[in-house]
Amino acid sequence: MEGEQQPPAAAEEPAAEATEQPAETTTTTIEEEKPAAAPADDAKPAAAPSTSTTATTTTTTENNERHWDQTNKKVVVRNVLKFLRPKEVTKLTTEWLKGKEHLNIKIIKTKKPPKDNWIKVTLEDESMVDPFIQLINTGGEDGKAITNARGGDLCAKRANEDQRGGDNNNNNDNNRKRKGGRDGDNDNDARKRAAAMKVLTPDEVRDAITPLWRLPYEEQLKVKTREMIHKCSMKIIKEIKGKFRILEQEARRGQRAKCPKIYEWVGERRAIEMESVVASPRLFEYRNKCEFTCGYRHSKVEKEEVVKVGGEDGDDVMKSVEDGAATDVVKEEEVAASEAKEEVAPAVAEEAILKTAAAGFLAQGWSGGVYLPHCLQNMPDWSCGLADIFNEFLATSSIPPYDSKVHRGIWRTITLRCSLRTREIMVIVVHAPAGGGVGKRDCGTDDYSTVFESEKQRLVDMLTKDAIPTPSRDIPEGYKKEEEETSGDIKVTSIFFQEYVGLSNPPPEHPVQHIYGKTSLEERLGKCTFQISPGAFFQTNTQGAEVLYDIVVNRIKEVTTNPQDTLLVDVCCGTGTIGLTCLKEGVVGKLVGVDISEPAIADAVVNATKNGYTESATTRFVANPAEKVLPDEMKNIPKNCPVVAVVDPARDGLHGVVVRTLRSNERIQRLVYVSCNPTGTLARDAAMLCSPPTKKYPGRPFKPTMSQPVDMFPSTKHCEMVMTFDRMSVEEYEQYHGKE
């Protein structure tokens with residue numbers, strides 16, 4: 001996060017917001033009963049203990065949540081200067097503590113928004129808070145406050161006394177604006193939580209995940225073409241012109257001899273010609289990889305009446321009455337909701353939400369629950385059938401899903417990969433440690449190690465018992481079932497479990513545990529056969545990938561006059577799909593592939609053998625970040641060997657060292673860039689490839705000569721781009737830069 005620094009030795013601080021959310025006042029929540037109680041979906045501490053909660057348990061829970069919520073260790077220091085760089089913030093806090101080692105104060109984290117005049121400091125222990133506040137407020141000359149560089153007095157307060165980061169007494173008007181125009185934050189937060197608890201209709205789920213589904217496919221392609229023109233090609237030209245302006249400013253300041261005049265092609269009306277988007281061969285059910293998040297599915301409960309039952313000390317608790325039978329639905333987090341009982345409108349309070357453990361998509365974000373994939377036309381039947389099996393398992397499991405807000409629970413995500421051509425399915429189940437995630441409570445209620453192995457085996461049995469069932473779908477009008485290339489039952493052929501204790505998602509090289517069946521998935525693409533491991537990248541639309549790779553092959557074929565002697569440098573090669581396809585099509589004779597993912601490179605080596613390339617002189621794959629090995633790999637290429645390059649980076653784009661290497665090696669006359677982020681990092685990388693040479697990026701620049709978007713994801717806003725860059729000729733270069 002911008003403006004926040006963390007020392008390497010300090011532990012990552014969990015978000016405190018999960019424990020500071022006010023109680024919900026507009027919706028009653030009901031959770032299905034499980035063999036073992038799942039932790040509360042919200043991390044709000046109970047406002048009053050239920051009758052079954054002992055004093056010991058309450059104390060343990062409060063202590064644990066106090067440990068998890070680090071607000072008590074935070075101090076806000078005000079009246080610091082604005083626009084401080086991270087290094088300056090670190091230097092400033094170090095100066096505060098200089099000579100005060102006897103106070104034993106240790107700062108583990110700082111947060112300084114650039115435009116604000118305060119710093120939020122997180123200390124190692126709560127006992128350091130008061131001495132630190134006293135140091136700031138009285139540690140200056142003559143017992144006065146420490147001053148800033150302009151002589152202004154600093155002021156320190158506990159963070160929980162300064163929630164807005166501002167002076168509550170002097171800025172009430174601003175505070176009201178921040179709270180949505182009302183006094184107090186409970187009202188505003190309650191409305192936000194009520195909105196998050198809304199149950200979406202199937203159409204609303206489709207709008208969130210496949211926003212173009214309402215348009216005819218021809219209109220979708222037109223929308224994407226316009227998007228590529230305005231947010232890709234025009235953005236690239238804007239970036240390049242910006243580079244020229246920077247060079248002109250440097251020339252005026254005498255930092256460089258002169259600034260070249262802007263390239264003629266940059267000033268043309270259509271400087272980068274954008275072709276129309278190529279259609280996907282499949283419009284529906286095209287995905288070969290699906291990722292589901294484990295959580296709770298929200299559904300409305302009909303014919304239910306919400307009544308109030310008097311609680312201790314006048315506090316009411318909520319119960320539901322359905323068909324004349326009373327069922328206690330009070331959960332630990334719902335007791336806190338009773339605080340706001342006076343503000344619940346009768347019409348709203350009667351609408352209850354049933355929360356069921358399930359796996360699906362986060363159509364409303366983390367707080368809105370998961371939604372099943374059955375209503376999405378881009379999701380194939382096999383993925384929905386597997387989702388049904390997982391949801392049956394989760395609904396009856398004694399182990400709860402993982403809650404990312406408090407980092408408790410076990411089941412995290414489920415990744416499914418399928419080849420309809422080979423009728424194989426791979427399942428990867430990501431879970432937290434059986435003993436509990438990083439937010440586990442000290443009382444042991446989040447430890448499921450005694451039942452984890454049996455539950456894991458039960459899931460494997462459910463997945464492998466029979467062929468994948470045909471699910472019941474809720475598909476919109478206009479959906480047309482497309483004929484499959486192969487037929488017959490499809491079964492799960494490999495299962496992996498992956499334990500991960502981190503707060504986000506595991507990296508591709510994170511180890512997996514093979515539980516069942518084959519150790520890889522086999523896929524056929526074009527004339528090649530590929531092995532795919534759990535952590536390896538592979539295009540999610542198999543038939544669309546064939547169209548994409550055909551374009552790449554044609555772009556390379558145009559410049560390879562002697563294919564058998566031509567070497568293809570495949571940067572970010574993954575499992576070797578592009579390079580081996582080019583070899584198979586005969587447009588190049590040699591291949592060097594580089595990728596950061598070790599599982600993907602291991603697959604690429606196997607795939608080369610599978611497709612008949614066993615000689616090391618023909619194919620070479622390197623598992624390492626491209627910025628570390630590409631410069632040496634380029635030096636090792638014989639000088640008389642023709643070279644062409646293909647890059648297919650992740651959404652982060654190319655590293656600066658890779659761009660410099662490609663620019664400086666002028667033997668590369670053509671570069672084919674395959675981008676999954678054409679409106680973002682492609683524009684940045686293209687500007688660095690095509691701008692005038694500098695000390696950081698030397699060599700004759702490239703210029704884009706063809707831009708071909710390919711629709712790999714119908715009904716969504718995303719598409720792939722194949723952009724071809726050709727090296728500026730020596731004559732044209734000398735026209736702008738003179739002879740060197």
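**A surface patch and a buried strand residue**

In this predicted model, Val-438, Val-501 and Leu-503 form a nonpolar surface patch of about 210 Å², where a patch joins nonpolar side chains (Val, Leu, Ile, Met, Phe, Trp, Tyr) within 5 Å, and like charges within 9 Å, among residues with over 30% relative accessible area and no salt bridge, the latter being a side-chain nitrogen of Lys or Arg within 4 Å of a carboxyl oxygen of Asp or Glu. Accessible areas were computed by the Shrake-Rupley method with a 1.4 Å probe, and for residues only the protein chains shown count as cover. The model is predicted, so that local features need pLDDT of at least 70 and side-chain atom pairs count only at pLDDT 80 or more, whereas totals for chains, interfaces and linings use all residues. Residues are numbered from 1 along each chain as its sequence is written, and side-chain values use heavy atoms, with hydrogens and water left out.

Val-501 counts as partly exposed because its relative accessibility is 46%, the classes being buried under 20%, exposed over 50% and partly exposed in between (1.4 Å probe, protein chains only).

Thr-724, in strand 24 (residues 720-727), counts as buried because its relative accessibility is 1%. Residues up to four places away in sequence aside, Thr-724 is in contact (heavy atoms within 4.5 Å) with Arg-555, Arg-670, Leu-671, Lys-703, Pro-704, Thr-705 and Met-706.

Overall, the protein has 19 helices and 24 strands, and 50% of its 740 residues are buried.

Terms used:
Helix = DSSP H or I, 4+ residues; strand = E, 2+ residues; numbered from the N terminus.
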